[in-house]
Amino acid sequence: MHALRPLLRKLLFKLFAATLACAAVLAPRAASAEALLLIEADSGKVLQADNATVPWYPASVTKIMTAYVTLKAVKDGRLTLDTLLTVSPTAASQSPSKMGFRPGTQVTVDNALKMMMVKSANDMAVVLAEGVGGSIDGFSAMMNDTAKKLGMTQTSYVNPNGLPADGQITSARDLGILARSFLRDLPEYEYFVHIPAIRFGKRVTGNFNKLIGRYPGADGFKTGFICASGYNLVASATRNGRRLIAVVLGANSGTARAVKAAQLLERGFAQDNLTWLRPSLGTVENLVPVDATPPNLRDEMCGGHRKRPATDDDDALIAAGGGTTGSASATGGEAQVTFFTAGLQPPLMKASELMASAPAAVEPVLVYTGPTRTGTALIAAVAADADQQTASKPRGKKSRVAKKPDAADKPTDKPKDTKTAAAKPNAKQADGKSDGRTAAKPAPTKPAGAKHAAAKPAEKPAASGDQAAKPAKPKATTKPAAAAKPANNS
């Protein structure tokens with residue numbers, strides 16, 4: 001026995017050193033680019049918290065609060081789900097993702113909520129804000145007041161959709177509190193946080209939350225993404241009557257955030273018989289806030305290393321460089337370390353297992369413009385929206401073909417192209433679409449002042465807003481340059 005003691009000591013020392021080395025490798029990555037939280041929905045008990053009180057940019061998970069404030073107003077009788085709201089020019093001008101309705105279009109509170117929560121439509125968030133609070137500023141004040149009442153001490157809002165703004169801040173802790181409050185205070189409206197898909201006219205949009213229809217028991221909540229925040233997700237799932245809420249902030253793709261949330265949830269459900277092995281972390285409200293500046297992940301999320309522009313609906317698991325920056329892969333070292341440290345729990349779900357299968361087949365929920373309808377009136381409304389989509393398509397295709405070749409304008413010495421091109425960026429800003437409708441109707445214009453140079457630079461701003469400054473080369477004419485830069489910035 002005495003002879004074995006040195007060997008046992010050596011083995012234990014090596015095991016301890018290996019554990020510390022793994023923790024040292026993982027800690028800097030988590031601290032700089034990821035926040036995680038797992039709580040019980042009923043009790044608020046914290047099961048895991050990593051950087052959970054570090055301030056973060058919320059992006060579109062802001063819309064959970066927008067839905068909460070709107071549905072509280074419905075519950076209090078200040079409006080109904082059938083109340084008609086009108087799309088304002090401000091709402092129509094929001095950056096994508098959006099429905100793209102023209103100013104003056106009417107939509108019910110019910111349909112606006114469904115579009116906002118499933119498609120993450122920024123224009124619908126503003127429609128709801130203006131309908132409930134009178135203006136974006138008025139509604140933001142209501143959001144901040146609600147956050148204060150709920151105990152979300154690290155949160156502030158300046159808009160209802162989460163588009164980039166310095167004052168739009170939250171934390172994983174506060175999002176956990178908000179998700180719990182939604183389930184506790186609005187159980188009759190919980191449906192809005194787990195709609196699997198919507199159909200508008202001929203267009204079907206699946207929920208950006210990839211756990212819905214894939215992860216067993218998944219039943220909420222909302223995704224979010226801007227370059228500065230990375231990929232965010234608040235997710236919930238229920239198993240054997242026990243509901244958990246997972247918050248992931250700063251993942252490096254839409255798939256990675258879903259995998260990480262599934263790992264957290266799986267870990268939580270596996271802890272039923274092992275809670276005695278873990279120290280108590282208290283409740284989510286008792287987590288101590290960190291006084292810091294939110295990390296800005298713009299270079300990491302939207303830098304040149306990505307194959308395509310990052311969006312909230314991102315199917316890529318990892319960045320083009322092959323790394324898993326900001327979010328450990330489901331099959332990598334992080335999962336192996338937690339297998340050891342979590343009390344010999346079963347292996348966690350792999351990314352391939354989670355994402356290989358298609359979501360469960362469901363009938364998309366119908367959404368439409370105009371007042372609430374049923375029966376044949378509903379069928380007619382859906383058909384009308386579909387017809388409108390069909391009617392607008394050919395014009396978009398025709399104009400795209402027309403504006404591709406620069407040479408197409410050369411034979412024409414007429415000045416009308418100059419005015420047409422100058423109008424194009426403004427049309428884009430008005431309805432958020434790039435179908436180039438103005439190209440189909442060139443307006444007659446002023447006398448020939450722009451002859452050979454005017455036509456060529458006029459076409460390029462319409463083809464790409466990002467290169468709008470280049471056409472100014474041929475001549476320092478004021479018209480093409482003045483209209484060249486679109487204002488929208490996502």
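In helix 2, the buried residues (under 20% relative accessible area, with exposed over 50% and partly exposed in between, for a 1.4 Å probe and protein chains only) are Thr 62, Lys 63, Ile 64, Met 65, Thr 66, Ala 67, Tyr 68, Val 69, Thr 70, Leu 71, Ala 73 and Val 74. With 12 of its 14 residues buried, helix 2 is largely enclosed by the rest of the structure. This is a predicted model, in which local features need pLDDT of at least 70 and side-chain atom pairs count only at pLDDT 80 or more, while totals for chains, interfaces and linings use all residues. Residues are numbered from 1 along each chain as its sequence is written, and side-chain values use heavy atoms, leaving out hydrogens and water.

Helix 2 covers residues 62-75 and reaches 20 Å from its first C-alpha to its last, close to the 20 Å expected at 1.5 Å a residue (1.5 Å times one less than its number of residues). Helices (H or I, at least four residues) and strands (E, at least two) are DSSP runs, numbered from the N terminus. What do the buried residues of helix 2 pack against? Their partners are helix 4 (109-119), helix 5 (122-133), helix 6 (136-150), helix 7 (172-185), strand 7 and strand 8, with contact meaning heavy atoms within 4.5 Å. Just after helix 2 comes Gly 77, with a positive phi of about 85°.

Three strands form an open sheet in the order 6-5-10, with mixed pairing; two strands pair if DSSP finds at least two bridges between them. Strand 6 (203-206) and strand 10 (365-367) are the edges, each pairing on one side only. On average, neighbouring strands of this sheet are turned by 30° against each other, direction ignored.

Strand 5 (residues 197-200) pairs with strand 6 in the antiparallel sense over four bridges, and Arg 199 stands opposite Val 204 in strand 6. Helix 4 packs on the sheet, where it touches strand 5, strand 6 and strand 10. The direction of helix 4 makes about 125° with that of strand 5 (axes are lines fitted to C-alpha atoms, for helices over the stretch in contact, and angles run from 0 to 180 degrees between N-to-C directions).

## The disulfide

A search of the whole structure finds one disulfide, defined as a pair of cysteine sulfur atoms within 2.5 Å. Cys 227 and Cys 302 form it, with sulfur atoms 1.9 Å apart. The pair links distant parts of the chain, 75 residues apart: Cys 227 lies in the loop between strand 7 (218-226) and strand 8 (230-239), and Cys 302 in helix 9 (residues 298-302).

The link of Cys 227 and Cys 302 is left-handed, with -95° about the S-S bond. Cys 227 is buried at a relative accessible area of 12%, whereas Cys 302 counts as partly exposed at 30%.
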